[in-house]
Amino acid sequence: MKLEVRTTAVRDMRLSGATRFAGGVLEIDRGELRKLILEDSAFADVTLDVVRPGDSVRIIHVMDAAEPRFKPDPGSSFPTFVGPPRTVGEGVTHRLSGVAVLTASEAVAGEPTYWREAVVDMTGPGAALTAFGATTNLVLTLRPSASFLDTSRPDATIENIMVGSSLAQRYNRSVRVAELKTAAYLARTVGEFEADQIKTYELTPAPAGLPRVVYFYQLSGATVYGEPMDGMLPTLIHPNEVLDGAIVNVRSNVHASNRTSTHANQHHGLIEELYARHGRDLDFRGVIVYPAASDDINEKELLAEYAVKLARMLGADAACASYAGGGHPAVEFMLICRKSERAGIRTVLVMPEIYGTPDDPGFVYFVPEAERIVSTGRTTQVAELPAVERVIGGDAFFDVPGPPGAGQHLLYRYLLGCGTSAGNGRLTARTY
Amino acid sequence: MTKLRVVHYVNQFFAGIGGEDRASEAPDVRAGAVGPGQLLERALGASAEVVATVHCGDDFFAEHEDEAAATVLDLIARHQPDLIVAGPAFNAGRYGFACGRVCRAVEETLKIPAVTGMYPDNPAVELYRPSLYIVASGPNAMSMPATLERMAALGLKRARGERLGEPREEGYLARGMRFTEVASDSAARRAVDMLLASVRGEAVLTEWPLPDYDRVPPPTPIKDIRRATIALVTSGGIVPKGNPDRIESTYATKWKKYSLAGIKALTSDGWQSIHGGYDTTRANEDPNRVLPVDVLRDLEAEGAIGRLLDQYWVFVGSGASTTNARRFAEQMADELRDLSVEGVIFTAT
């Protein structure tokens with residue numbers, strides 16, 4: 001499976017009367033893009049903003065983010081969201097670097113918000129903690145149509161507080177479609193131009209004797225080719241597929257700090273790192289994706305057994321595993337660590353520390369085999385953020401009092417992608 | 001530049017008064033450095049001086065702890081120090097407890113930084129390490145010079161308000177406080193480095209040490225369950241419909257109790273789960289699945305239990321810190337005991 005990523009650097013992005021690309025500047029036809037997004041009756045309106053690194057801007061209510069990418073025929077861009085259900089991770093992908101598409105919206109009827117707030121600062125210390133502080137971002141602030149705000153509808157009832165009403169789930173998916181259509185639209189425009197850089201991803205046979213490494217990837221609020229993983233057994237996926245748009249975040253009620261956005265999958269830190277060292281330091285055998293399980297201990301055991309069995313079938317003797325966060329997911333995650341170590345597969349865990357005060361050990365559940373952990377930071381710590389001139393995405397935080405543009409003592413938990421267990425960021429935590 | 005003023009606290013032995021036979025000596029003070037204080041002064045260098053040595057017999061301190069601590073604190077305060085250094089106490093239990101108590105009193109009451117030194121197995125370490133900077137010493141006075149060097153270096157940093165490094169760099173026993181920092185490499189790079197080093201058989205240092213939780217021994221069995229009052233407590237988030245007290249769905253800071261008087265079973269019209277960490281569909285269909293009032297009322301009617309207490313306690317476990325959870329448990333246990341509850345069924349999710 002060979003993927004060729006053709007990157008074109010975008011120096012600046014502007015809203016204008018026509019979509020075109022010249023001299024590194026991407027102009028976007030505001031009317032055409034609005035029309036494209038508002039094809040979906042889920043939205044009453046959309047506001048488009050371009051924000052740049054250093055702008056005195058805070059974006060709130062962020063739901064997801066994606067990098068503009070487009071796959072020419074016979075490929076499929078973001079299969080089942082934009083393009084047809086075709087395997088990605090091979091062929092050609094056009095990619096725009098230096099820019100991202102962000103989506104933000106108020107919550108709809110029956111949408112839980114206790115973990116939903118996600119903040120991106122374009123200036124100050126917050127900007128340094130997120131990938132989107134360094135990119136020029138096109139922000140789509142989506143306004144749901146009246147039917148999505150009608151709490152009296154039967155499908156606005158919350159049956160499961162974690163995922164919210166079926167109406168809210170539909171809305172979340174529509175938001176991703178709008179985001180990914182925009183991402184593909186932008187990249188298609190630029191894709192006709194010559195790329196600045198071409199990078200090839202291919203797992204060529206590695207020399208014998210190198211450690212054979214697999215990656216156990218725990219998914220939460222994400223889909224694989226548009227399919228939710230809930231209730232499924234672990235399955236294999238090629239690392240190219242993850243990098244090429246197969247995994248899309250569809251649930252916003254996940255801690256922002258460790259929410260693995262669609263963008264974080266396109267730039268998945270662990271996968272990029274394992275790829276970079278494939279054939280030299282290690283033999284990257286593949287990725288095992290599995291869902292954060294429900295509350296059934298037998299299901300958790302089975303998931304762990306099955307995931308480790310797949311690793312053994314791949315001949316693994318070493319593994320990285322990432323934790324999606326949350327209480328229940330900690331159990332199957334740790335069971336995988338135990339079973340993997342017991343199968344002779346040396347395992348390193350990558351985990352955000354999402355619980356507790358500084359004096360709290362912070363574990364929901366652990367096994368004594370969890371001796372090698374990389375921390376992606378304690379997200380219950382406070383970051384001091386400056387006042388900003390402008391707020392995009394909403395008028396008030398979901399669960400933080402006061403005006404969102406004021407100086408804030410915000411928990412790291414609210415900063416989008418600062419501690420994702422995909423390993424993209426540099427945060428850690430230390431014991432004092 | 002004025003020198004930093006340091007007061008040294010030692011026991012009767014290191015003050016040169018005598019051994020076990022003089023362990024009942026009451027607190028007193030001497031001007032300047034005494035005994036190991038001279039080594040301390042050398043380690044502190046030119047920028048600080050030991051202005052006084054306060055001492056107390058180990059038995060006296062152990063037997064009159066409040067009085068001794070108050071007197072020692074007063075003797076220390078008179079010298080207006082910038083830093084207190086206590087010990088090192090090595091593996092001596094009574095001396096260790098005295099050093100810990102003195103340091104904590106100094107920090108809490110006088111708001112002056114304090115540093116002590118102990119052998120990691122000293123019984124006082126467990127009590128004081130979360131709140132104090134304790135430099136790790138050897139088991140006995142053989143390690144005096146090296147320990148005082150580290151205590152002096154750490155003490156100077158604290159007195160000057162400088163940022164402290166990690167415990168293993170500075171030589172103090174980790175207090176167990178976790179703080180977020182920015183590492184030089186991405187988490188992905190660090191993970192793969194750690195994995196490869198581990199596969200090569202090298203010793204690797206985890207970034208997040210596993211905790212050592214306390215274990216609660218089970219109480220003695222209930223003598224006669226047919227007469228016992230049984231209470232329900234849950235972390236599963238079952239509340240009256242509409243969540244009138246706005247119990248948090250995650251990161252709990254509070255608990256509530258609600259009446260079960262006259263309630264034979266919970267209904268989906270009257271009750272719901274607001275827990276933010278599990279699929280609540282089934283719990284909302286039938287809240288007895290999480291808070292089994294129906295079954296307990298049956299058992300009560302059959303005489304299998306004495307009675308079900310007419311109220312229950314609830315909070316949400318999802319994301320609750322162990323600090324808060326411990327506080328909840330203590331508050332609830334007090335109430336349960338006052339109500340002569342003999343057994344609790346705690347349902348978690």
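User: What makes two strands a pair here?

Analyst: Two strands pair if DSSP finds at least two bridges between them. The model is predicted. Strand β26 (residues 427-431) of chain A and β7(B) are joined by 5 bridges, so with at least two required they count as paired. The two strands run antiparallel, and R430(A) stands opposite F179(B) in β7(B).

User: How do you know that β6 of chain A pairs with β24(A)?

Analyst: By the requirement of at least two bridges. Strand β6 (residues 57-59) of chain A has 3 bridges to β24(A), and the strands run parallel. I59(A), for example, has I392(A) as its bridge partner in β24(A).

User: What is the strand order in the open sheet of chain A, and what makes β11 and β24 its edges?

Analyst: The order is β11-β6-β24, an open sheet of 3 strands with mixed pairing. Both β11 (120-121) and β24 (390-392) of chain A have a single partner strand, so one side of each has no neighbour in the sheet.

User: Which elements of chain B make up the side that touches chain A?

Analyst: Residues count as in contact if their C-beta atoms, placed from the backbone, lie within 7 Å. The contact takes 51 residues from chain B and 60 residues from chain A. On the side of chain B, two or more residues each come from β7 (178-182), α8 (187-199), α9 (281-285) and α11 (322-338). The largest share, 11 residues, is that of α8(B). By class, this side of chain B has 23 nonpolar, 19 polar and 9 charged residues.

User: How do you know that the length of helix α3 of chain B agrees with its residue count?

Analyst: The expected span is 1.5 Å times one less than the number of residues. For the 13 residues of α3 (residues 65-77) of chain B this gives 18 Å, and the end C-alpha atoms are 18 Å apart, so the two agree.

User: Why are the buried residues of α3(B) said to line one face?

Analyst: A residue is buried if 20 or more other C-beta atoms lie within 10 Å of its own. A68(B), A69(B), V72(B), L73(B) and I76(B) are buried in α3(B). Seen down the helix axis, the buried residues fall within an arc of 130°, so they line one face. D66(B) and D74(B), on the other side of α3(B), are exposed.

User: What do the buried residues of α3(B) pack against?

Analyst: Their partners are β1 (4-11), β3 (48-56), α2 (58-63), β4 (83-86) and α4 (93-110) of chain B.

Terms used. Residues numbered from 1 in each chain as written. Chains lettered and ligands numbered in written order. Predicted model: local features only at pLDDT ≥ 70, side-chain atom pairs only at ≥ 80, totals over all residues. Helix = DSSP H or I, 4+ residues; strand = E, 2+ residues; numbered from the N terminus. Contact = placed C-beta atoms within 7 Å. Nonpolar A, V, L, I, M, F, W, Y, C, P; charged D, E, K, R; others polar. Buried ≥ 20, exposed ≤ 12 C-beta atoms within 10 Å, placed from the backbone. Arc of directions from axis to C-beta.
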